[in-house]
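Trainee: I'd like to learn how to read a protein model. Could you walk me through this one?

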Amino acid sequence: MATSKLQALWNHPAGPKTIHFWAPTFKWGISIANIADFAKPTDKISYPQQLVVACSGVIWFRYGMVITPKNWNLSSVNLAMAGTGICQLARKIKNDFASEVEPVVAKE
């Protein structure tokens, strides 16, 4: 049973014998790096970079779901990219625009 499942994975059109397996697999590095950056101060986060990560994730997630055969590895990595990019953007926006402003005290 396990042998037949491994054989099916090995011979799948998006299996380990193709670039359609390895490109998304290595793309996980971007999502992992973005998760590691959650510890980074928000002033070090780049709007353009995170916008590209989020938009790329959304676009390629959609693509991974409409192609035949479905490439679940491609879809899952891009869903993770979109999620981490959106979370980083939310952190940056919250810090830049929703932070409390100290009231100005009038001097006498």
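Predicted model: local features only at pLDDT ≥ 70, side-chain atom pairs only at ≥ 80, totals over all residues.

Trainee: Okay, how many helices and strands does the protein chain have?

Mentor: Helices (H or I, at least four residues) and strands (E, at least two) are DSSP runs, numbered from the N terminus. Here you get four helices and zero strands, so the pattern along the sequence reads α-α-α-α.

Trainee: What radius of gyration does the protein chain have, and what would a compact globule have?

Mentor: That radius is taken over C-alpha atoms, and the globule rule is 2.2 Å times the number of residues to the power 0.38. For 108 residues, a compact globule would come out near 13 Å, but this chain has 20 Å. Look at the box too: along the principal axes, the C-alpha atoms fill roughly 85 × 25 × 20 Å.

Trainee: How much of the protein chain is buried?

Mentor: Buried residues are 25% of the 108. As for the surface, Shrake-Rupley areas use a 1.4 Å probe, and for residues only the protein chains shown count as cover. The accessible surface is about 7,800 Å², with 70% of that belonging to carbon and sulfur atoms.

Trainee: Which residues are buried in H4?

Mentor: Among them are Asn73, Leu74, Val77, Met81, Gln88 and Lys92. Here's the general idea: an α-helix has 3.6 residues a turn, so residues three or four places apart point the same way. In this model, the buried residues of H4 pack against helix H2 (19-36) and helix H3 (47-66).

Trainee: What span should helix H4 have?

Mentor: The expected span is 1.5 Å times one less than the number of residues. Helix H4 (residues 72-97) has 26 residues, so it should span 38 Å, and its end C-alpha atoms are 37 Å apart, which agrees.

Trainee: Is Leu74 buried or exposed?

Mentor: Leu74, in helix H4, counts as buried because its relative accessibility is 13%. Contact means heavy atoms within 4.5 Å. Not counting residues up to four places away in sequence, Leu74 touches Pro24, Trp60, Tyr63 and Gly64. Leu74 and Pro24 sit 50 residues apart in sequence, yet their C-alpha atoms are 5.1 Å apart in space.

Trainee: And what is Ile93 in contact with?

Mentor: Leaving aside neighbours within four places in sequence, Ile93 contacts Tyr47 and Ala98. Ile93 also lies in helix H4, but at 42% relative accessible area it is partly exposed. Its C-alpha atom is 9.0 Å from that of Tyr47, 46 residues away along the chain.

Trainee: Where is Thr25?

Mentor: Thr25 is in helix H2 and is partly exposed, at 28% relative accessibility.

Trainee: What share of contacts joins residues at least 24 apart?

Mentor: Take contacts between residues at least 6 apart in sequence: 72% of them join residues at least 24 apart.

Terms used. Residues numbered from 1 in each chain as written. Heavy atoms only, no water. Buried < 20%, exposed > 50% of the residue type's maximum accessible area, 1.4 Å probe, protein only.
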